[in-house]
Amino acid sequence: MPTIPSIDKLFTQATESKAMPGIVAVAATDKGTLYEGAFGKRELGKDAAMTVDSVVWIASMTKAITGTAAMQLVEHGKLSLDRPASEVVTPLASTKVLEGFDADGQPRLRAPRRPITLKHLLTHTAGFAYEIWRPEIAQYQSTTNTPGITTCADAALTTPLLFDPGDRWEYGINIDWVGKMVEAVSGQKLDRYFQDHIFGPLGMKDTSFKISPSMRSRLASVHQRDDKGALTPIEFALPEEPEFLMGGGGLYGTARDYLAFTQMIVQGGSLGGRQVLKPETVRLMAENHIAPLDIPAIKTAAPGLSNDFELFPGMRKGWGLSFLINTQDAPTGRSAGSLAWAGLANTYFWIDRTKRVSGVFLSQLLPFYDHAAIDLLGKFETEVYRTLR
């Protein structure tokens with residue numbers, strides 16, 4: 001396993017001190033793997049060590065894969081970025097904008113001023129939100145008995161918009177709708193489509209919505225950090241028989257598998273001679289599609305699930321077709337125009353197409369944007385760039 005001693009030392013200290021449960025981190029250039037390491041335990045209090053092939057819930061790192069599926073279908077002329085998405089998934093036609101709640105606590109709803117497009121959904125500008133970060137959505141759910149998104153019930157996708165499509169950036173259930181669009185035009189369930197068109201070609205044998213027996217034997221537990229900083233393993237699992245496959249956050253996978261996906265993007269849509277996307281599609285996905293909008297600091301509405309967070313403070317952020325974009329060079333060495341995102345249980349990736357390097361950092365703990373995890377991610381990234389020099 002390619003190793004970088006300074007990174008090994010950091011991660012060993014973090015896991016031996018129980019500041020973190022288990023960590024897997026990998027990085028590669030287009031020439032080959034730069035770093036692979038696994039530290040700590042799959043579950044605190046148990047013997048099983050975290051290994052490079054440990055399986056974790058990658059949560060919202062699923063979004064870039066669903067976005068890739070949608071862009072393959074755009075290439076084939078089966079989806080359009082700019083036509084009303086309701087032409088493909090009719091329930092979107094009945095989506096309303098939430099203007100507030102009346103004196104009786106009932107939601108006040110109106111029709112949106114323009115239709116939602118695939119581009120709105122891929123860029124999180126449709127108006128959808130998540131209850132974790134928007135109390136209005138949590139209030140709507142409790143008033144109307146609408147289930148939360150991790151139930152994977154179709155009714156969870158019926159929450160209203162917070163503004164008219166295109167007006168602002170707001171992180172939300174958009175990519176779950178993109179998953180529905182992929183299914184509608186491909187005629188395949190999302191798991192089968194991903195297998196045939198992304199996982200198979202990229203050799204991602206350990207990434208799936210359904211945890212196979214082999215994956216289950218390597219599954220890491222999710223941990224909860226309390227307000228004193230202590231970590232406890234918790235019971236966490238998505239439904240085994242979901243009503244819909246959650247294109248916005250339903251996948252489990254390994255670091256090596258996800259690194260293969262990131263390297264495909266680094267290399268302009270191909271890996272090992274298998275083309276997943278055209279080079280011009282990758283360029284389009286990597287453009288900032290939300291300017292002049294910016295991505296604000298995000299406040300939590302569910303402190304057990306997420307901390308408040310601001311990405312790249314003091315820098316304008318962009319959003320591509322399912323990726324965060326830093327518009328300036330980052331202090332770690334990450335080039336301007338790089339792509340990134342994360343998953344709720346503190347899983348992170350970045351893709352630097354300029355320096356042709358990508359990295360994946362996986363842990364399994366809540367709340368999101370854990371300060372110990374973020375600190376280690378930044379140091380890991382810095383050391384990766386230092387070895388490139």
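A residue counts as buried when its relative accessible area is under 20%, as exposed when that area is over 50%, and as partly exposed in between, using a 1.4 Å probe and protein chains only.

First, a word on what you are looking at. The model is predicted, so to speak of local features a pLDDT of at least 70 is needed, side-chain atom pairs count only at pLDDT 80 or more, and totals for chains, interfaces and linings use all residues. Residues are numbered from 1 along each chain as its sequence is written, and side-chain values use heavy atoms, with hydrogens and water left out.

Let us start with the overall build. The protein has ten helices and 16 strands; here helices (H or I, at least four residues) and strands (E, at least two) are DSSP runs numbered from the N terminus. Its radius of gyration is 20 Å, close to the 21 Å that the globule rule gives for 389 residues, so the protein is as compact as a globular protein of that length. The radius is taken over C-alpha atoms, and the rule is 2.2 Å times the number of residues to the power 0.38. Along the principal axes, the C-alpha atoms fill a box of roughly 60 × 45 × 45 Å. Of the 389 residues, 57% count as buried. Contact means heavy atoms within 4.5 Å, and among the contacts with a separation of 6 or more, 68% come from residues 24 or more positions apart.

Now for the helix pairs. Two packed helices are described by the angle between their axes and the distance between the axes. The axes are lines fitted to C-alpha atoms, for helices over the stretch in contact, and angles run from 0 to 180 degrees between N-to-C directions. Take helix α1 (residues 5-16) and helix α10 (residues 371-388): their axes come within 9 Å and cross at roughly 165 degrees. The two helices are therefore roughly antiparallel to each other. For such labels, angles under 35 degrees count as roughly parallel, over 145 as roughly antiparallel, 65 to 115 as roughly perpendicular and the rest as oblique. The crossing of α1 and α10 is left-handed, a term used if the near helix is turned anticlockwise from the far one by less than a right angle, with right-handed used if clockwise. On the α1 side, the contact is made by S6, I7, L10, F11 and A14, and on the α10 side by L376, K379, F380, E383 and V384. By class, these residues divide into seven nonpolar, one polar and two charged; Ala, Val, Leu, Ile, Met, Phe, Trp, Tyr, Cys and Pro count as nonpolar, Asp, Glu, Lys and Arg as charged, and the others, Gly among them, as polar.

A second pair to view is α2 with α8, whose axes come within 11 Å and cross at roughly 45 degrees. These helices are therefore oblique to each other, and their crossing is left-handed. A64, I65 and T68 of α2 meet Y258, F261 and M264 of α8. This contact has five nonpolar residues, one polar and no charged ones.

Helix α8 (residues 255-266) brings us back to Q263, which lies in it. Leaving out residues up to four places away in sequence, Q263 touches A28, T29, D30, S270, L271, V357 and S358. Its C-alpha atom is 25 Å from that of I290, a residue 27 positions away along the chain. In the loop between α8 and β9 (270-271) you will find G269, which is buried, with a relative accessible area of 0%. With the sequence neighbours up to four places away again set aside, G269 touches M264, R274, Q275, V276, L277 and V282. G269 and T281, twelve residues apart in sequence, are 8.0 Å apart from C-alpha to C-alpha.

Finally, some backbone details in the loops. A cis peptide bond with omega about 5 degrees joins A291 and P292, and P292 lies in the loop between α9 (279-285) and β11 (317-319). The bond from L366 to P367 is also cis, with omega near 0 degrees; P367 is in the loop between β16 (365-366) and α10. K18 is a residue other than glycine with a positive phi, near 65 degrees, and K18 sits in the loop between α1 and β1 (22-29). A59, not a glycine, has a positive phi of about 50 degrees. Look for A59 in the loop between β3 (56-57) and α2 (62-75), where it counts as buried at 2% relative accessibility.
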